Amino acid sequence: YFNPADFFLDLVSIDTRTKKEERVSKARIEFLVQEYEKDFENKTLKNYTFNEYSEDDIQRTYEWKQTQSGKISKVSNAKQLQTLSVRTFRQMLRDRRSFFIRILMNII
C-alpha cells in the first residue's frame, strides 16, 4: 500500500469474495473493536488533560495579545515589489515551458 487510507480501509472492510475471507475479515474487525474498547476503558476523563495551560498562562497570553493588537507593521512598497519580482523570476526559471507559452499567447 502507498496510501495509508487504503490500508486502513482494507483493515476495516469485510471481504466478501469467499466465505473464508469473510470470516477472517469479520474476526479482524471484531479484534480491532475489542482492542479499541479496552483502550477506551483505560482512558478516563480524570486522567485526560483537556488543557495543560494554567489560568495564569492564559491570562498572560491574553494581556500580551491586547498590547500587541494596536501594533501593525507595514511593509514598504519597494519591499513588496522586490519580493514579488523575485518570486516571479523564480517561477519563470522553474517552469520555462509554460512561461514561453504565455509569451506566445500574448504575442499571437
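Predicted model: local features only at pLDDT ≥ 70, side-chain atom pairs only at ≥ 80, totals over all residues.
Residues are numbered from 1 along each chain as its sequence is written, and side-chain values use heavy atoms, with hydrogens and water left out. Local features need pLDDT of at least 70 and side-chain atom pairs count only at pLDDT 80 or more, whereas totals for chains, interfaces and linings use all residues.

Phe8, Leu9, Val12, Phe31 and Leu32 make a nonpolar surface patch of about 470 Å² (residues with over 30% relative accessible area and no salt bridge, nonpolar side chains joined within 5 Å; Shrake-Rupley areas, 1.4 Å probe). Two or more residues of the patch are given by each of helix H1 (4-12) and helix H2 (19-42) (DSSP runs of H or I, at least four residues). H1 supplies the largest share, 3 residues; Phe8 lies in this helix.

Helix H4 (residues 77-94) packs against helix H5 (residues 96-107) at an angle of about 105°, with the axes 5 Å apart (lines fitted to C-alpha atoms over the stretch in contact, angles from 0 to 180 degrees between N-to-C directions). H4 is therefore roughly perpendicular to H5 (65 to 115 degrees). Gln91, Met92, Leu93 and Arg94 of H4 meet Arg96, Phe99 and Arg102 of H5 (heavy atoms within 4.5 Å).

Definitions and conventions. Patch = residues over 30% accessible without salt bridge, like charges linked within 9 Å, V, L, I, M, F, W, Y side chains within 5 Å. Salt bridge = Lys/Arg side-chain N within 4 Å of Asp/Glu carboxyl O. Parallel < 35°, antiparallel > 145°, perpendicular 65-115°, else oblique.
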